[in-house]
Structures are given as C-alpha cells and as structure tokens.
Amino acid sequence: MAAVTSGAATQSSSAPRGHMGSRWRGWLFMGPFAVVFVVVFVVPVLYAVWISLFQHRMVGGTVFVGLANYRRLLADGQFWSSVRRVVVFTVVQVPIMLCLSALMALALDSLRLHGMRFFRISTFLPYAVPAVVSALVWGFMYGAKYGLVGSLNAWLGTHVDVLQPSVLLASIGNINTWEFTGYNMLIFYSSLSTVPRSLYEAAAIDGASEWQVVRRVKLPELRGSLAITVIFSIIGSFQLFNEPSVMQNMVPGNAITTYYTPNMYAYNLSFSGNQSNYAAALAIVMAALTMLVAYAVQLRSMREQMR
C-alpha cells in the first residue's frame, strides 16, 4: 500500500515537470526566430523612429527636434508627388497583374494546355531573375535608338518611344508585371489544386458549363489567395525602387527624378543629401501608410469570406 502511494506521488510530481519541460521546449524552438526578428526588424525600426526625432545641423551638430521632421514631411510637395505616383501605379498595375495571374492559373487547372510543365516553368522563370537584371534587360529593350523598340521603329518607319515621361510609369509597370505574374499564378494554382476533382465531376453531371464551374466553384476558391496576393502586391508597389533607380540613367532627360518614388526619395535624401534623419521620418510614414492600406484590404477580405 505504501509502495502504491509513493508511486502515485512520484507520478504526480513528475507530471508538472514534464509539462514545464514541454513549455520550455517550445520557447527553445521559437528562440532563434525571435532573436533574428528582434535584431533584423524590431531594432532597426526603433532606431529609425529614434533618429527621425533628431536633425543634423551645420552649426550645433545633431539636435533633438521632436516631430519637426514629420511636420516638414507633411508640407513636402516632392514627397506627396512620389506618393501619388506609387498610388496610381498600384491602382493600375496590381489589378492587371493579378487578373493575368488568375487567368493563367485557370488555364493550368483546366488540364487542357499542351506542355503544361513548360508553361508553368516559363511563366515562373521571370520571378527568379533579379529585379536589377530585369530592369537592365527591359531598359535596353525599351531604347528608341539602340534597343528592340528602336529596331522596330526602323523596320516599321514609326517613332514610338516608351521611355517618354507620359508612358514611363506604364513601361515600369510592364516590367513589374513580367516579373511577378508567374509568382502570383503559382499561388492561385496552389489554391485551385486543393479543390477535389469530384466536385468538378458532380457539377458536370448536374449540367454545369465550363464557365459556370469557373464562376461558381473555382473563383470562390481563389478568395483567400487573392487577399494574400493583393496585400503582397500593394506592399511591393509601395516599395518600388529597383526598376526606376536602374533605369534612371537610361531614360533621356530628367524623367526619373530623385523623388520619383518614396523609396528613391528616402535613399537620395540619406546617401546624397546627408539628411538621414529626415529620410528616417519619411520611411516611418511610408511604413505606416503601407500597413494601413494592407490592414484595410485584409479586413475587407475577412468580411467577404464571412458572408
């Protein structure tokens, strides 16, 4: 009887220890990510907020100015010009890119394409090309004197210039669309791959046409992945930097200014204008704007899915 009692006491005392051990085991698994997240993300953001409250002056050195950089930013016409440009870019380019991605995913899911493996790889391949290389390649192709456009002009006797200021943003949008359409297509295609084929067969037995299957079965399945791709695309568009920065020396005149996009403006302020404090304030404001837009899109998506 005493042995049974002591055994029960031993089991009861060891149970909490095992529970505590499993809890600490979870923290150990999460520890490396938490350290990297804090060092790579949290600390730089806090440091950017801190230096945005200061200002470097020729007389007096670096002094604390509070929210003066943010007040200056609200009255900065160049900043708002760059913000309007990326907003227009996002509103036009993102829907076109996602529509093309969805159409490609639907075409793959139909199982009626010849060479599906080649089509899937070839559409994803531009995403594997670095953005700088893509901008260089397309910049040379756009050249009206030396590139593909110039050769077509000589052959057809036309004078098309896709690098002129009125269509330059559309030309940059074409590069982004070429780069990321295949990536978003794979996200959509992965969502469609989770739909059981028996559901399509049941719809066909009920007399549903191909268009009705797409509209009633496939498109609703894309809602969740659509929200993800929209959020990622908005964040990427607001961070537009590589393409206009690389093409700046390829475009004649001063079509791509130092404040063409907010990221370019912050970069030039920090590294060329010696205004890192003001650039930090700009970066914080753009991060806040991007988070607000992404959060609004996420809320709308959640409401649509709950209906």
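This report describes the packing, ring contacts and charged pairs of a predicted model.

Residues are numbered from 1 along each chain as its sequence is written, and side-chain values use heavy atoms, without hydrogens or water. Local features need pLDDT of at least 70 and side-chain atom pairs count only at pLDDT 80 or more, while totals for chains, interfaces and linings use all residues.

Leu 73 is found in helix H2, residues 68-74; helices are DSSP runs of H or I with at least four residues, numbered from the N terminus. Leu 73 counts as buried because its relative accessibility is 1%. Here buried means under 20% relative accessible area, exposed over 50%, and partly exposed in between, with a 1.4 Å probe and protein chains only. Not counting residues up to four places away in sequence, Leu 73 touches Phe 79, Trp 80, Tyr 278, Ala 281, Leu 282 and Val 285, where contact means heavy atoms within 4.5 Å.

A nonpolar core is a set of buried Ala, Val, Leu, Ile, Met, Phe, Trp, Tyr and Cys residues joined through side-chain atoms within 4.5 Å. The largest one has 32 residues, and Phe 79 and Leu 282 touch the most other members. At least two residues of this core come from each of H2, H3 (77-109), H7 (165-193), H10 (223-238), H12 (262-271) and H13 (276-306). H3 gives the most, with nine residues. Leaving aside neighbours within four places in sequence, Leu 282 is in contact with Leu 73, Phe 79, Pro 262, Tyr 265, Ala 266 and Leu 269. A second, separate core has 16 residues, among them Trp 138, Tyr 142, Val 246 and Ala 255.

In H10, the buried residues include Val 230, Ile 231, Ile 234 and Phe 238. H10 has 16 residues and reaches 23 Å from its first C-alpha to its last, close to the expected 22 Å; the expected span is 1.5 Å times one less than the number of residues.

**Rings**

The whole structure holds 13 aromatic pairs. Rings of Phe, Tyr and Trp (its six-membered ring) pair if their centres lie within 6.5 Å; planes under 30 degrees apart count as stacked, over 60 as edge-to-face and the rest as tilted. Tyr 259 and Tyr 265 are edge-to-face, 6.3 Å centre to centre with 70° between the planes. Tyr 259 is partly exposed at 22% relative accessibility, whereas Tyr 265 is buried at 7%. Ring pairs also link Phe 124, Tyr 127, Phe 180 and Tyr 183 into a cluster.

Two arginines lie over ring faces. A charge sits over a ring if NZ of Lys or CZ of Arg is within 6 Å of the ring centre and within 35 degrees of the ring normal.

| Charged residue | Ring | Distance from ring centre |
|---|---|---|
| Arg 72 | Tyr 278 | 3.7 Å |
| Arg 85 | Tyr 260 | 4.5 Å |

**Salt bridge and loop**

The count comes to one salt bridge, defined as a side-chain nitrogen of Lys or Arg within 4 Å of a carboxyl oxygen of Asp or Glu. Lys 218 forms this bridge with Asp 109, the closest N and O atoms being 3.1 Å apart. Lys 218 lies in helix H9 (residues 210-221) and Asp 109 in H3, so the pair ties together parts 109 residues apart in sequence. Lys 218 is buried at 5% relative accessible area, and Asp 109 is buried at 1%.

Asn 274 is placed in the loop between H12 and H13. Its phi is near 55°, a positive value in a residue other than glycine. At 57% relative accessibility, Asn 274 counts as exposed.
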